[in-house]
Amino acid sequence: MDMNELRQTQLSYYFLDAVTAYMDFEKTTHFLRTKDGKQIYYAEIHTVSAIKENEGIHITALAEKLGVTLGAVSQILIKLEKKGLIKKERDPRNQSRFLLTLTCEGEIAHMNHLRFHEAFDDLVYSVLEGKSEEQVRFLKQCLIDLAAKLQTATEEEKKKQK
């Protein structure tokens, strides 16, 4: 299939439809909500997971681990604290630092996040069921290549905006 035929099939639209459907799935699932129904957003739940995987981490180390600024992680932590998912406690060895742990609600959110990934994995596997190994490898490589191209395009756009 040449590029003209690919453009005619509008694969990019099929991909965007899949991304939109994923975002709708993510928004509507009960897995990514607090017990009082507040939505837990992508950056928030990944911050919760990073804290779970690094219990007692301090804020600066968390920002480094997530690859974001201290200001960005601080804003997310404020939201997570308001939602009752994390607690900050002074580091007994360094009173100027706070150590981060999950609350019981945060633990539940983390477990629900794992369940969300399992449910999504199950959806993907059901789509791939019956496909040949070659088809799966091809799709995997296309997704890897697309992610890399999107990351490069994002970095170039950020440079233009500076």
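Trainee: How many aromatic pairs does the structure hold?

Mentor: Three. Rings of Phe, Tyr and Trp (for Trp, its six-membered ring) pair if their centres lie within 6.5 Å; planes under 30 degrees apart count as stacked, over 60 as edge-to-face, and the rest as tilted.

Trainee: Why is the pair of Y22 and F120 called edge-to-face?

Mentor: The ring centres are 4.9 Å apart, so they pair, and the planes sit at 75 degrees, which is over 60, so edge-to-face is the label. Y22 belongs to helix α2 and F120 to helix α6, so this pair ties together parts 98 residues apart in sequence. Helices (H or I, at least four residues) and strands (E, at least two) are DSSP runs, numbered from the N terminus. Y22, F25, F116 and F120 also form one aromatic cluster.

Trainee: Before we go on, what sort of model is this?

Mentor: It's a predicted one: local features need pLDDT of at least 70 and side-chain atom pairs count only at pLDDT 80 or more, while totals for chains, interfaces and linings use all residues. Residues are numbered from 1 along each chain as its sequence is written, and side-chain values use heavy atoms, with hydrogens and water left out.

Trainee: Why does Y22 count as partly exposed?

Mentor: Buried means under 20% relative accessible area, exposed over 50%, and partly exposed in between (1.4 Å probe, protein chains only). Y22 has 24%, so it counts as partly exposed. F120, at 28%, gets that label too.

Trainee: How do you know that the whole structure holds zero disulfides?

Mentor: A disulfide is a pair of cysteine sulfur atoms within 2.5 Å, and a search of the whole structure finds none. As for cysteines, C104 is at 65%, so it is exposed, and C142 is at 33%, so it is partly exposed.

Trainee: Why is H110 called buried?

Mentor: Its relative accessible area is 7%, so it falls under the buried limit. H110 lies in helix α6, residues 104-128. Leaving out residues up to four places away in sequence, H110 touches I45, V48, S49, K52 and L102; contact means heavy atoms within 4.5 Å.

Trainee: What covers the buried residues of α4?

Mentor: In helix α4 (59-66), the buried ones are I59, A61, L62 and A63. Their cover includes α3 (42-53), β1 (57-58), α5 (70-82), β2 (86-91) and β3 (94-102). After α4 comes G67, with a positive phi near 70 degrees.

Trainee: What makes something a pocket here, not a cavity?

Mentor: It's done on a 1 Å grid over the protein atoms alone: a cavity is a set of points where a 1.4 Å probe fits but cannot get out, whereas a pocket is an open set with protein on both sides within 12 Å along at least five of seven lines. Lining residues have an atom within 4 Å of a point.

Trainee: Which residues lie nearest the centre of the largest pocket?

Mentor: F15, A18, L139, L143 and L146, out of a lining of 27. The pocket holds about 1,300 Å³ of space. Helices α2 (11-28), α6 and α7 (133-161) each supply at least two lining residues.

Trainee: How do the lining residues divide into nonpolar, polar and charged?

Mentor: There are 23 nonpolar, one polar and three charged. Ala, Val, Leu, Ile, Met, Phe, Trp, Tyr, Cys and Pro count as nonpolar, Asp, Glu, Lys and Arg as charged, and the others, Gly among them, as polar.

Methods
Points joined across faces, edges and corners; volume = space filled by probe spheres on them.
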